[in-house]
Protein chains: 2
Amino acid sequence: MTTTTTHAFDTAIDLAHNGDGHYVGQTTPEFANMVGPFGGVTAAAIVRAISDHPDRIGDPVALTVNYLAPVSDGSFDVAVRAVRTNRTNQHWVAEVSQDHGVTTTATAVFGVRRDAWSDTEVTMPEVPGPESLSHTTLPGPVPWMRNYDMHYAEGAVPTDSEESPSSTTTLWVRQRPARALDFAALTALTDVFFPRVFLRRGRMLPAGTISLTTYFHVDSAELDRQGTDYVLAHAHAHRFARGYFDQSAQIWGRDGALLATSHQIVYYKD
Amino acid sequence: MTTTTTHAFDTAIDLAHNGDGHYVGQTTPEFANMVGPFGGVTAAAIVRAISDHPDRIGDPVALTVNYLAPVSDGSFDVAVRAVRTNRTNQHWVAEVSQDHGVTTTATAVFGVRRDAWSDTEVTMPEVPGPESLSHTTLPGPVPWMRNYDMHYAEGAVPTDSEESPSSTTTLWVRQRPARALDFAALTALTDVFFPRVFLRRGRMLPAGTISLTTYFHVDSAELDRQGTDYVLAHAHAHRFARGYFDQSAQIWGRDGALLATSHQIVYYKD
């Protein structure tokens, strides 16, 4: 007898297609955040829904997800629609809704990559490898963090109430248990950072992502090469301005491939 | 007799409200780009439409604009809808369309700022003031650029066919003729940069913004303080990857206020 266990991440973004771009998923306790599920898993479900759509061409190039309201425990609908298909790219709109209304809106660009002059201009942060950095044994303040192996090189969750002049966090991270990286998993990883304001203030306080935008820099063949290895995730804020701060992030393969750049605006109360 | 001349930018984003969140505008030759109007002015028209909507609360906090197809010369419709209004923020979706279909989709977050711990962590680029930098007398390759006074501190439009190892551009810029900065004008300014790939390759080539995301860090009272003065605009790319590159930008007031951070993904052919 062979027993196949589905990875908790695949369960969390498992969708039933009801036809005409409508998909139904179920929240899972493993990916719960403070209120509602981890924003990264909701974004991943949207990417999964578009990827599964029969009209889809190419791979994700850009994604913006807006978090209007927490997703309640239970089933949720993901409606996706191709608004326009060009020769090499395709524009999508998406909405996640539940009985109480729309919880999430999104737009996405999928596209086909071509041979063209290419270059990575930004340099990868130089940090020790994941094996030489201590593993975060604390499960973190919320359930979803337990689904990731995290090795912080700088800017771990503050535990000493000390304010920091820097909002930068750099960590090696991969899914726990290890799972091959795909676009859904990469999408979730762009939201793997705890709120930058925690680091600056040396403590946890009310904060939540309002809008998340990611640009993908690889196609699926390049992404497949990452396998189940760690990626290097690097994030910092530019400005904390009276209740909203921004965050810019980079996700690097261990081989030096810049897989994605990602940005978000976050609500905070202090 | 008093003659009042409307600023070309105000003409370009002048909208007639047809009720129920539907607005009608007209393209103007002054803001023409290579194909269709300058992306910044389309984004500004969307901000103007939401700002004009009777249900709108607060100021822009986040905006994502997706460019699906060029806007043809003539009239265009801007349809905006508040999907959800929370206590301190409001989520909008928008679509620009013409007879031939949807040309632009967008999502926006408007919000109210509160007293909270605040800090600008990133530092303003140190460059000479606009008065000590030469004015770009070349009108630029496209009509819309004539609506801006530009003084480049680094990374001007390449004229010598020389490749550059850096995609960074820093310039002082303001509207020509000078006009008080408001959110529509700031939105347009986030797209004031020519494509970063021109700088790297030392020449112009086919390129166009696919998706633009801006985070606003000031409210209207803070923005009003900028008056008609120059702002410092700073942009660079992270990765050029087989037909798509990203750009991250900062828009600073001369007084050192970080007004906006902005990101875009750009199609290019080389």
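What percentage of the 270 residues in chain A is made up of buried residues? Buried residues account for 58% of them. The model is predicted.

**Overall build of chain A**

- Chain A has five helices and 14 strands.
- The radius of gyration of chain A is 18 Å, which agrees with the value near 18 Å that a compact globule of 270 residues would have.
- Along the principal axes, the C-alpha atoms of chain A fill a box of roughly 50 × 50 × 45 Å.
- Among contacts in chain A with a separation of 6 or more, 70% are between residues 24 or more positions apart.

**Surface and charge of chain A**

**Salt bridges within chain A**

- Over all chains, the salt bridges number 30.
- One of these pairs R254(A) with E131(A), whose side chains meet at 2.9 Å, N to O.
- R254(A) sits in the loop between β13 (244-253) and β14 (258-268) of chain A, and E131(A) sits in the loop between β7 (119-120) and β8 (148-154) of chain A, so this pair ties together parts that are 123 residues apart in sequence.
- R254(A) is partly exposed because its relative accessible area is 33%, whereas E131(A) is exposed, at 59%.
- Another salt bridge links D149(A) and R176(A), with the closest N and O atoms 3.3 Å apart.
- D149(A) belongs to strand β8 of chain A, while R176(A) is in the loop between β9 (169-175) and α3 (183-189) of chain A, so the pair ties together parts that are 27 residues apart in sequence.
- D149(A) is buried, with a relative accessible area of 12%, and R176(A) is partly exposed, with a relative accessible area of 33%.

**A salt bridge between chains, and a network**

- R200(A) forms a salt bridge with D119(B), and the closest N and O atoms are 2.9 Å apart.
- The pair joins two chains, because R200(A) lies in helix α4 (residues 196-201) of chain A and D119(B) lies in strand β7 (residues 119-120) of chain B.
- R200(A) is buried, at a relative accessible area of 8%, whereas D119(B) is partly exposed, at 26%.
- D10(A), R48(A), R179(A) and D182(A) are joined into one network by salt bridges that share partners.

**A buried threonine in chain B**

- T187(B) is part of helix α3 (residues 183-189) of chain B.
- The relative accessible area of T187(B) is 0%, so T187(B) counts as buried.
- Leaving aside residues up to four places away in sequence, T187(B) touches G40(B), A43(B), A44(B), V47(B), L63(B) and F216(B).

Conventions: Residues numbered from 1 in each chain as written. Chains lettered and ligands numbered in written order. Predicted model: local features only at pLDDT ≥ 70, side-chain atom pairs only at ≥ 80, totals over all residues. Heavy atoms only, no water. Helix = DSSP H or I, 4+ residues; strand = E, 2+ residues; numbered from the N terminus. Buried < 20%, exposed > 50% of the residue type's maximum accessible area, 1.4 Å probe, protein only. Contact = heavy atoms within 4.5 Å. Salt bridge = Lys/Arg side-chain N within 4 Å of Asp/Glu carboxyl O. Rg over C-alpha atoms; globule rule 2.2 N^0.38 Å.
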